[in-house]
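Thanks for coming, everyone. Please look at the screen.

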Amino acid sequence: MDLNIPVLLVDDRQENLTALEALLEEMPLPLHLVKAMSGNEALRQSLRHDFAVVLLDVQMPEMDGLETAELLRANPRTRHLPIIFVTAGLHDRVHQFKGYEMGAVDFLNKPIEPAVLRNKVAVLCELYAKVQERTRALHESERRLRMVIDSASEAFVATDSEDVVTDWNHAAEDLFGWRRDEMLGQPAGKVLLPSDGCSRRARHRSGREFDVEVSQWQVPQSQPPAFAALVRDITQRKEAEEARRCELRQALQQIVEQEKMAALGSIVAGVAHELNTPVGNLVLLASTLRERVSELADNALAGKLTRSCLVQAAGECRDASEVLVRSADRARELIESFKNVAVDQTSRRRRQFDLHSCLHDILVTLGRMMRQANVTAELQVPPGVLMDSYPGHLEQILNNLIVNSILHGFEGRGCGKISIAASVADGHVRLLYSDDGAGIAPELQQKIFEPFFSTKVGSGGSGLGMYIVNNLVCGALQGSVSLASTPGQGVQFEFRLPLTVG
C-alpha cells in the first residue's frame, strides 16, 4: 500500500511547478507530487488519483483555474477535493468569492511565503491521512462484518425504513431460494409474510410457505432508521413440539384412564364389602329357615306337631322372611347402583337419565367410604330432572369431589358434611357441590385445576382429580365450573351444565 499522500500541482509554467515542488520537500508526511500544466491535464489526473489537495494556478491559457475548479466540483468523484488557488492577480473579492464557490479552501498570492504554503498543505494532508486511515478501518470492519454475516448459519435480512431489503446473506439465499442480487431493493414482504400475532410465516421462491422465528432490531444510531433481522426456519421444531404435545396428551389420557379405573376399583371394593352384610344375612336366615321347616316336617311325621308349635314356627318364619326381603332389597339396590355406575363409567355412553337417580347411585356406591370417614351427604336434587348427556362423566366428577373432600377438607377432623343441590333454568342445570371442610387458600384456588397439582404429593395424591373434573365439565359435558372457598368455611363448586349436550 502506497503511504505517500498525493498532491496535485497545476500551473502552465514549468518553473512555477518546479518552485512548488521545491517548497514541498521535507514535509512532515511523505508526499506524492503529481504535476499538470493545464486544466485539461489536471482533470485527467483527478480521474487517476484521489488527491489530498490541489494547488491550482488561476491564470492559465485555454482553461483558467476557476473553470478547472468548476469542472472538478461538477464531478461527484472530485466534488469535495480541497483546492488552494495560487495566483498573482486575483485580489478582488468578487473573484475570490467565486473561487470559494468552486471549492477553494484558501488563496495564496505570489510571491508565495514558503512556511504558509507548507503549513496549509500539511494540515490538509494530515486530514487526508486520517480520513484514509478511517476509511481503510471502515472498509476492514465492513469486510469482517460481511464475512460474519455471510458465514452466519441463520438467515440475515437488513431493511430500510420502507422495509426494502438492503442486505441478504448466504443463509437467506438457502432459506428463501432468492440470490442476494435478486432481493436487494425488493420489499421484505416478498418473503416474510405479515404476522398474525401468534406466529410468523415465510414464503420460499417456489411458493411453499413455512413457519419462521424472526428476531428483529433497529440498527443503533441509524438515520434514517435501518433494521436487521435473523430468520430461523422452525418447521421441524414446531413439528417436534406438536409430536411431543401429542405424546403428552396421550400419556396424560392414559393416566386419566388409570385414575378412572382406580376410582372404579375403589368403588368395587366398597360395594363388595357392603354386600357382605345383606348376603351374609340372606345365607344365615335361609339356613335357619331350612332347619326350622325341616324340624316342623319331622314333628308332623312323628305326630308331635301341636297348634302352639305351628303358630310359633309360622311367626318365626314370617319374621325371618321380612329380614330376608330387606336384605335382598339392600343387595339389589347396591348391585343396581354399582351396575349403573360401572356401565356408565366404562362405556362412556351418552344416554337420557334422571339426575337424582344418577347422583343417588354414586352416593350408594360410595357409602362405605363415607361411613368410614364419618361423612354424611345431603342430596337436594328434585326428581324428574332429565338430562341427555354422559352420566358416567357426571359420576366421575362427583366421585372425585367426594374423595377430595375426605382427603383434604375433612383431614384431621374425623367427620364432615357434604351437600349436593340442583336447580334448572334456561335449559341448564345449576349443580352446587359444597362441604364444611377446611376450605382452600386463595393462592391455591387458581392452581387446583392444573394437572399434577396436589398438596398430597408423596402421600397418595396424584394431582389429577380436579384436572379430570375440569376437563370433563368443559369438554364432553359442555359446561363450566367455578370455585368459591374461604379457609375454614369449606368449599363450593358451581357447575352449569346443559340438559342436552350439543
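First, a definition. A cavity here is a set of grid points where a 1.4 Å probe fits but cannot get out. Its volume is the space filled by probe spheres set on those points. Keep in mind that this is a predicted model.

So, how many cavities of 30 Å³ or more are there? The count comes to four. The largest cavity has a volume of about 50 Å³.

Who lines that space? The lining of the largest cavity is L359, L394, I397, L398, L401, I420, L431, Y433 and F495. Two elements give two or more residues each to this lining: helix 12, residues 391–409, and strand 15, residues 428–435. Helix 12 has the largest share, with four residues. What classes do we find in the lining of the largest cavity? Nine residues are nonpolar, none is polar and none is charged.

Stay with helix 12. Two of its packing partners are worth a look.

Take helix 10 to begin with, residues 355–365. The axes of helix 10 and helix 12 come within 10 Å and cross at roughly 45 degrees. That makes helix 10 oblique to helix 12. The crossing is right-handed. On the helix 10 side, the contact is made by L355, C358, L359, I362 and L363. On the helix 12 side, it is P391, L394, E395, L398, N399 and I402. By class, this contact has nine nonpolar residues, one polar and one charged.

Helix 12 and helix 14 pack at an angle of about 150 degrees, and their axes are 9 Å apart. Helix 12 makes the contact with H393, Q396, I397, N400, L401 and N404. Helix 14 brings G465, M466, I468, V469, L472 and V473. The contact of helix 12 with helix 14 divides into seven nonpolar residues, five polar and no charged.

Let's move towards the start of the chain. Helix 2, residues 39–48, packs with helix 3, residues 65–74, at an angle of about 25 degrees. Their axes are 9 Å apart. That makes helix 2 roughly parallel to helix 3. The crossing is right-handed. G39, A42, L43 and S46 of helix 2 meet T68, L71 and L72 of helix 3. This contact has four nonpolar residues, three polar and no charged.

Next, a pocket. The second largest pocket has a volume of about 360 Å³. How many residues line it? The answer is 18, and L145, I149, F156, A158 and D167 lie nearest its centre. Four elements each supply at least two lining residues: helix 5 (114–151), strand 6 (155–159), strand 7 (165–168) and strand 10 (227–233). Helix 5 gives the most, with seven residues. The lining of this pocket divides into twelve nonpolar, three polar and three charged residues.

Last stop, the backbone. Most residues other than glycine have a negative phi, and most peptide bonds are trans. Here are two spots to check against that.

E62 has a positive phi of about 65 degrees, although it is not a glycine. Where is E62? Look in the loop between strand 3 (53–57) and helix 3.

The other spot is a peptide bond. From Q223 to P224 the bond is cis, with omega near -5 degrees. P224 sits in the loop between strand 9 (209–218) and strand 10. Strand 10 is also among the elements that supply the pocket lining.

That's my tour. Over to you for questions.

Conventions:
Residues are numbered from 1 along each chain as its sequence is written. This is a predicted model: local features need pLDDT of at least 70, side-chain atom pairs count only at pLDDT 80 or more; totals for chains, interfaces and linings use all residues. Side-chain values use heavy atoms; hydrogens and water are left out. Axes are lines fitted to C-alpha atoms, for helices over the stretch in contact, and angles run from 0 to 180 degrees between N-to-C directions. Angles under 35 degrees count as roughly parallel, over 145 as roughly antiparallel, 65 to 115 as roughly perpendicular and the rest as oblique. A crossing is left-handed if the near helix is turned anticlockwise from the far one by less than a right angle, and right-handed if clockwise. Contact means heavy atoms within 4.5 Å. Ala, Val, Leu, Ile, Met, Phe, Trp, Tyr, Cys and Pro count as nonpolar, Asp, Glu, Lys and Arg as charged, and the others, Gly among them, as polar. On a 1 Å grid over the protein atoms alone, a cavity is a set of points where a 1.4 Å probe fits but cannot get out, and a pocket is an open set with protein on both sides within 12 Å along at least five of seven lines; lining residues have an atom within 4 Å of a point.
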